[in-house]
Amino acid sequence: MANLLRSIPLDAHTDINLPLIGDVISEGTCFDLAIRAALVGIGQVDPNPLVGAVAVGAKGEYLASAGHLKYGELHAEANLIRELEKKGLIDALTGGCIYVTLEPCAHSGKTPSCALLLAKYPIKKVVYAQKDLNPVVNGRGLAILEKAGILCEQHSAFEMRSKFLTDRFVWSLKHEVPYFGLKAAVSLDGSYAMQGSQRQWITSERSRTYGHWLRALYGSILIGSGTLALDNPKLDVRFGKIPSVNPVKIIFDPKGSVLRKLDISRLEIFTNSDAKIVWIADEKSWQIAPRESLNFCDQRLVNRISLTAPTDMEPSELLEKLYASGLKNILLEGGGGVWGQFLNWRLANKLHLFSSPASLVGGRHWLEQVENSTRLQIVNREVTSLGNDLLLEGDILYE
């Protein structure tokens, strides 16, 4: 799974080497093509999940692939049918098979039902990776297809390979709280920064590029007030040919230390005038913040989230307000205070840990603010080489 993600060109992730029309392809290739087609929608389809689909003929010959490209527009299956129509290949679907990463939707909303659409065509079988747990679907799409005489088959290998496309979507749908990924770049000894205000790159450009890909994948980035004040980051996506991807920038400033003390108009997060910004601070900080800062927030349409109290904070209030703001997939980028807080709260779901062979002697350890009582392990682990760096990814399990 992780190797598949990094096999996609990050400078032009839509440039995929597709089979020639008519080439007989394996089932595994169908899985990979469907997943790659889904990834083209990164940063564009939230809050919908990433979905891709592939069509093959009766003899397993490749016909077309397509993904859900933008929220509110056609889903993957509808785009697939459109591709087949454009190529004059609808008749080639007779007795063929559709591979799709998620059960076709049964309902009509911003777009028509994909299951009803597919049911109109002489397809023999639909192979799907995962059932859609959305209550308005959840088996209803399969029922529509089966009623039309189309065999529906879930494939376990396809499910495992495509799980990362929907794990964030499924979690937030099931629990009605955001899904949090934790991204950290550390040295050989586990340090993420030097003591004090000194800053330097730890990992390679290849790792940093993939880090930007993760920003696009999650669609929302959260940093703490310390990282904001010291690093003054832009928090944008700066790779490839997808400049329209513009993640939501979330500032976790519960005590209002930046809001009350700094000239926020000079912060790099405001460089892009189209950027959506969410600022989290306690009620008192919003009340006593400089008028210039409040006016600037209003001018830039900053979404203010007000917390009752910054100390001994219960996460339930924060989770409720983040989710109500439509923030369902959030990448925790740092620094150590944010990582420690969310791990202590047992909220971080996924780890993306970049490790460099370099050492920062006397640096700050990325887990320095994790309490001794917080015990966790990383499961479903994958380790990938990114140049000289290693990337560890896995689900965070709390003991």
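A residue is termed exposed when its relative accessible area is over 50%. In the predicted model examined here, Leu301 has a relative accessibility of 72% and therefore counts as exposed. Leu301 is placed in the loop between α11 (291-299) and β11 (303-307). The backbone at Leu301 has a phi near 55°, a positive value in a residue other than glycine. A phi near 55° is also found at Glu176, again a positive value in a residue other than glycine. Glu176 belongs to the loop between α6 and β6 (179-186), and its relative accessible area of 54% is over the 50% cut-off, so Glu176 is exposed. A further positive phi, near 60°, occurs at Arg346, which follows α13.

Beyond residues up to four places away in sequence, Ile280 touches Ile250, Ile251, Phe252, Asp253, Pro254, Ile305, Leu307, Leu318 and Leu322. In soluble globular proteins, nonpolar side chains tend to be buried together.

Helix α13 (residues 336-344) is mostly covered, with 7 of its 9 residues buried. The buried residues are Gly336, Val338, Trp339, Gly340, Phe342, Leu343 and Asn344. Gly335 lies in the loop between β12 (329-334) and α13, and the peptide bond from Gly334 to Gly335 is cis, with omega near 5°.

A cis peptide bond also joins Asp46 and Pro47, where omega is about 10°. Pro47 is located in the loop between α2 (27-39) and β1 (52-56). Of the 23 residues that line the second largest pocket, Asp46, Gly219, Asn246, Val248 and Lys276 lie nearest its centre. This second largest pocket has a volume of about 620 Å³, and its lining divides by class into 9 nonpolar, 9 polar and 5 charged residues.

The count of cavities of 30 Å³ or more comes to 2. For the second largest cavity, the volume is about 100 Å³. The lining of this cavity consists of 13 residues, and those nearest its centre are Asp46, Asn48, Pro49, Arg168 and Asn329. By class, 8 of the residues lining the second largest cavity are nonpolar, 3 are polar and 2 are charged. Helix α6 (residues 156-175) gives the most to this lining, with 3 residues.

Leu133 occupies the loop between β4 (125-130) and α5 (140-147). Its relative accessibility is 43%, a value between the 20% and 50% cut-offs, and Leu133 therefore counts as partly exposed. With neighbours within four places in sequence left aside, Leu133 is in contact with Asn138, Val170 and Leu173. The C-alpha atoms of Leu133 and Lys174 are 8.1 Å apart, while the two residues are separated by 41 residues in sequence.

The cysteines were considered last. A disulfide is a covalent bond between the sulfur atoms of two cysteines. The disulfide count for the model comes to 0. Cys114 is in no disulfide, the nearest cysteine sulfur being that of Cys105 at 3.7 Å; the pair is left out because a disulfide requires sulfur atoms within 2.5 Å. The relative accessibility of Cys114 is 2%, so this residue counts as buried. Cys152 is likewise in no disulfide, and its nearest cysteine sulfur, that of Cys97, is 10.0 Å away. At a relative accessibility of 14%, which is under the 20% cut-off, Cys152 also counts as buried.

Definitions and conventions
Residues are numbered from 1 along each chain as its sequence is written. This is a predicted model: local features need pLDDT of at least 70, side-chain atom pairs count only at pLDDT 80 or more; totals for chains, interfaces and linings use all residues. Side-chain values use heavy atoms; hydrogens and water are left out. Contact means heavy atoms within 4.5 Å. Buried means under 20% relative accessible area, exposed over 50%, partly exposed in between (1.4 Å probe, protein chains only). Helices (H or I, at least four residues) and strands (E, at least two) are DSSP runs, numbered from the N terminus. On a 1 Å grid over the protein atoms alone, a cavity is a set of points where a 1.4 Å probe fits but cannot get out, and a pocket is an open set with protein on both sides within 12 Å along at least five of seven lines; lining residues have an atom within 4 Å of a point. Grid points are joined across faces, edges and corners, and a volume is the space filled by probe spheres set on the points. Ala, Val, Leu, Ile, Met, Phe, Trp, Tyr, Cys and Pro count as nonpolar, Asp, Glu, Lys and Arg as charged, and the others, Gly among them, as polar.
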